[in-house]
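Q: Could we go through this model together? I would like to look at its strands, helices and surface.

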Amino acid sequence: MFKGASIRGIFVGSKGMAQRLNAFIDQHGIKPVLDKAFPLENARDAYAYQSSAGLFGKVAITL
C-alpha cells in the first residue's frame with residue numbers, strides 16, 4: 001500500500017445466480033470455444049498468442 005495502490009470490487013452476482021447459471025450451462029451442454037492448446041513446454045508461446053490479434057477463443061496449456 002506504500003505505492004498508492006487501490007483496490008476496487010466488482011459485483012458478479014449472488015450465489016443463487018451462479019447456481020442457476022451453472023445449472024443452465026450443464027442442462028444445455030454449453031462449452032467454451034477452445035482456440036488453441038499449447039504443451040507446457042510452449043507456455044511462453046501460449047501467453048504471446050493470448051495477446052495477439054488472431055485470438056478467437058480460449059487458450060489452453062496442457063500438462
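Q: Where is the place of H28?
A: H28 lies in helix α1, which covers residues 15–28. Helices (H or I, at least four residues) and strands (E, at least two) are DSSP runs, numbered from the N terminus. This is a predicted model, in which local features need pLDDT of at least 70 and side-chain atom pairs count only at pLDDT 80 or more, while totals for chains, interfaces and linings use all residues. Residues are numbered from 1 along each chain as its sequence is written, and side-chain values use heavy atoms, with hydrogens and water left out.

Q: What is the relative accessible area of H28?
A: The value for H28 is 46%, so H28 is partly exposed. Buried means under 20% relative accessible area, exposed over 50%, and partly exposed in between (1.4 Å probe, protein chains only).

Q: Turning to the strands, in which sense do β1 and β2 pair?
A: Strand β1 (residues 34–39) and strand β2 (residues 58–62) pair in the parallel sense, over five bridges. Two strands pair if DSSP finds at least two bridges between them. The chain goes from β1 through α2 to β2, and this β-α-β crossover is right-handed. Right-handed means that, with the strands pointing away from the viewer, the path from the first strand over the helix to the second runs clockwise.

Q: Which residues in β2 are the bridge partners of K36 and P39?
A: K36 has V59 as its bridge partner, and P39 has T62.

Q: What about D35: which residues does it touch?
A: Not counting residues up to four places away in sequence, D35 touches Y49, G54, L55, F56, G57 and K58. Contact means heavy atoms within 4.5 Å. D35 is in strand β1 and counts as partly exposed because its relative accessibility is 26%.

Q: Which residues form the nonpolar patch on the surface?
A: L40, Y47, I61 and L63 form it, with about 500 Å² of accessible area together. Like charges are joined within 9 Å, and nonpolar side chains (Val, Leu, Ile, Met, Phe, Trp, Tyr) within 5 Å. Accessible areas come from the Shrake-Rupley method with a 1.4 Å probe; for residues, only the protein chains shown count as cover.

Q: Where is Y47 found?
A: Y47 is in helix α2, residues 43–50.

Key:
Patches are made of residues with over 30% relative accessible area and no salt bridge: like charges are joined within 9 Å, nonpolar side chains (Val, Leu, Ile, Met, Phe, Trp, Tyr) within 5 Å. A salt bridge is a side-chain nitrogen of Lys or Arg within 4 Å of a carboxyl oxygen of Asp or Glu.
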